[in-house]
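Dear colleague,

I am passing on the structure below, and after it I set out what was found there.

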Amino acid sequence: MKQISKRARVLTGGAALVALGAGAFGAVSANAATPAAAPAAAVAKADAKKKDTTSRTHLTIDAATKAAQAALDAAEKENQRVSVAVVDRNGNTLVTLRGDGAGPQSYESAEKKAYTAVSWNAPTTELVKRLEQAPNLKDIPGTLFLGGGAPVTAKNAPIAGIGVAGAPSGDLDQKFAQAGVDALAK
């Protein structure tokens, strides 16, 4: 029998290891894609108590986009150049739209107003008034206490926030943010 060179053995062994590794990775990936079923008794127990689990209502991307576009359209009807942001209950950005000609600061301001509105479940125009009694509220990271943020609620709980920034007044920004909220009711 002919002896195989050291180089050929190394290459053949390496190829075999790569093939073996790919097969193992595929098996692990396939198993990870199919989560293991929870034991039926544990699920039944959790469902019976309803204390071990929670459920939340979330705004869909389509709804967030619809609200953002409605707010932007309301601003454009009044010749205002704004940015609009929609955040989820946790303050994560779902959608942002920067209108033609909106200032560079408006993008971040819209996100902060949306975050502030959902965090306190109140329009930011109302929150501005609270600063008189608690001026340190403005020091909370990520918040912006200026008019232009409106909460979106379901079952009296905040599920999202809409922020608008860029108009010459907070009252106008607030009006456009509310147009986004109102669009969701249609």
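A residue is called buried when its relative accessible area is under 20%, exposed when it is over 50%, and partly exposed in between. Please keep in mind that this is a predicted model.

With those cut-offs, Glu78 is partly exposed because its relative accessible area is 32%, and Lys175, at 46%, counts as partly exposed too. The side chains of Glu78 and Lys175 meet in a salt bridge, with 2.5 Å from N to O. Since Glu78 sits in the loop between α3 and β1 while Lys175 belongs to helix α6, this pair ties together parts that are 97 residues apart in sequence.

The structure holds three salt bridges. Another of them joins Asp173 to Lys113, whose closest N and O atoms are 2.9 Å apart; this pair links distant parts of the chain, with Asp173 in helix α6 and Lys113 in helix α4, 60 residues apart. Here Asp173 is buried, at 3% relative accessible area, and Lys113 counts as buried at 4%. Lys112 and Glu108 also meet in a salt bridge, at 3.3 Å from N to O, and because they are four residues apart in helix α4, about one helical turn separates them.

Terms used: Residues are numbered from 1 along each chain as its sequence is written. This is a predicted model: local features need pLDDT of at least 70, side-chain atom pairs count only at pLDDT 80 or more; totals for chains, interfaces and linings use all residues. Side-chain values use heavy atoms; hydrogens and water are left out. A salt bridge is a side-chain nitrogen of Lys or Arg within 4 Å of a carboxyl oxygen of Asp or Glu. Helices (H or I, at least four residues) and strands (E, at least two) are DSSP runs, numbered from the N terminus. Buried means under 20% relative accessible area, exposed over 50%, partly exposed in between (1.4 Å probe, protein chains only).
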